[in-house]
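Here's a quick briefing to read with the coordinates open.

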Amino acid sequence: MKILLVEDDAALADGLQHSLAEIGFDVTLATTFSFADSALRTQAYDLMILDLGLPDGDGRDLLSQLRQRRSTLPVLILTARDGLNDRIGGLQLGADDYMIKPFELRELEARVQALLRRSLGGHGRTLALGPLRLDSFQHQFHLQEAPLLLPSREHGVLEALMLQAGRVVSKERIAQRLAVGAGELADNAIEVYVHRLRRRLSPAGIRIRTLRGLGYLLELDGDAASRAES
Ligand code: CA
C-alpha cells in the first residue's frame, strides 16, 4: 500500500516514514510542494498525508488542485494550525481527515488504516502469492482456501515476508514487525520461525529463501512458478 508523505519537518518526516514502513506501508517522502505535485502526477498512491506549511507552497493548494483533477485519493492533513477556520477550510477543500500537531503516532496509524478501509469499501486489500493469501487489514492468512492459523510470532514473520513478497526482508525488519527489541529475541529465533513456516508452506509450493547476511525472501518455488505461467 503506497503512501505519499508530504512533510518538510525532517525529524517528524523521518519518524513517520519509519513507523509507517514498519507496519508495511511503502512510503514516498516529499519535502516540498513541487516534489509532491510531480509525484502525484506521475505515480499512483493509496493515501496522502499532507502538511500544510511547505517551504515552496501551501498544502491546501496541492489538495485543491488534486481535487480539481477529480482524484479521490484519501488525504489526511497534518497541521500545527489549530484554528477552526483552518480545519474547516481543509475539509472543505476535500481532505478526508486531519490531525493537529503534535499527535500520537498510534493515533495517526489508526486513522490512516481507517481511511484506507473506507476507501477500499470496507474490505482490506488481499495480497496473494500463489495459493497463499493475506488480508492485510484482518491480518488473516489463507493457504489453499483454508484459514492458516499460526502462532503469533510465526504469523508476524510471515506477514513481514508477505508484505514484501519477492523482495529480501532483513532480520531487523522482521524483528521490528514482531515489535520486540533485537535483544529480546534469541539469536536464532527468527531462523526457528522460518524453519517452521517452511514446513507448513513448502507442500503448497511456497518457499522462503535464505540470503545469507541479507535476510529472507518469500516466493513460489520453481515448479509452482512455471505451473502458474503455463
Ligand atoms: Ca511544515
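This is a predicted model: local features need pLDDT of at least 70, side-chain atom pairs count only at pLDDT 80 or more; totals for chains, interfaces and linings use all residues.

**Salt bridge of arginine 207**
- The partner of arginine 207 is glutamate 219, and the closest N and O atoms of this salt bridge are 2.7 Å apart.
- The two residues link distant parts of the chain, with glutamate 219 in strand 14 (residues 215-220) and arginine 207 in strand 13 (residues 206-211), twelve residues apart.

**Other salt bridges**
- How many salt bridges are there? The count comes to 13.
- One of them joins the side chains of aspartate 51 and lysine 101, at 3.1 Å from N to O.
- That pair also bridges distant parts of the chain: aspartate 51 belongs to strand 3 (residues 47-51), while lysine 101 sits in the loop between strand 7 (97-100) and helix 5 (105-119), 50 residues apart.
- Is aspartate 51 buried or exposed? With 5% relative accessibility, it counts as buried.
- Lysine 101, at 22%, counts as partly exposed.
- Another salt bridge pairs aspartate 97 with arginine 111, where the closest N and O atoms are 3.0 Å apart.
- Here strand 7 supplies aspartate 97 and helix 5 supplies arginine 111, 14 residues apart, so to speak linking distant parts of the chain.
- Aspartate 97 has a relative accessible area of 15% and is buried, whereas arginine 111 has 26% relative accessibility and counts as partly exposed.

**Calcium ion**
- Which protein donors does the calcium ion have? They are Asp8 (OD), Asp51 (OD) and Gly53 (O), lying 2.2 to 2.4 Å from the ion.
- Written as a sequence spacing, the donor residues read D-x42-D-x1-G.
- Aspartate 8 lies in the loop between strand 1 (2-6) and helix 1 (10-22) and aspartate 51 in strand 3, so this pair ties together parts that are 43 residues apart in sequence.
- Aspartate 8 counts as partly exposed, at 34% relative accessibility, but aspartate 51 is buried, at 5%.
- Aspartate 51 turns up in both stories, as a calcium donor and as the salt-bridge partner of lysine 101.

**Helix 6 and helix 8**
- Helix 6 (residues 152-163) packs with helix 8 (residues 189-201) at an angle of about 80°, and their axes are 10 Å apart.
- An angle of 65 to 115 degrees counts as roughly perpendicular, and helix 6 and helix 8 are therefore roughly perpendicular to each other.
- On the helix 6 side, the residues in contact are Arg153, Glu154, Val157 and Leu158; they meet Tyr193, Val194, Arg196, Leu197, Arg200 and Leu201 in helix 8.
- Sorted by type, the residues of this contact are six nonpolar, no polar and four charged.

**Arginine 87**
- Arginine 87 is part of helix 4 (residues 84-92).
- With a relative accessible area of 27%, arginine 87 is partly exposed.
- How far apart are the C-alpha atoms of arginine 87 and tyrosine 98? They are separated by 7.4 Å, and the two residues are eleven residues apart along the chain.

Note on methods
Residues are numbered from 1 along each chain as its sequence is written. Side-chain values use heavy atoms; hydrogens and water are left out. Axes are lines fitted to C-alpha atoms, for helices over the stretch in contact, and angles run from 0 to 180 degrees between N-to-C directions. Helices (H or I, at least four residues) and strands (E, at least two) are DSSP runs, numbered from the N terminus. Angles under 35 degrees count as roughly parallel, over 145 as roughly antiparallel, 65 to 115 as roughly perpendicular and the rest as oblique. Contact means heavy atoms within 4.5 Å. Ala, Val, Leu, Ile, Met, Phe, Trp, Tyr, Cys and Pro count as nonpolar, Asp, Glu, Lys and Arg as charged, and the others, Gly among them, as polar. A salt bridge is a side-chain nitrogen of Lys or Arg within 4 Å of a carboxyl oxygen of Asp or Glu. Buried means under 20% relative accessible area, exposed over 50%, partly exposed in between (1.4 Å probe, protein chains only). Donors are N, O and S atoms within 2.8 Å of the metal (3.2 Å for Na, K and Ca); water is not among the atoms, so sites may look incomplete.
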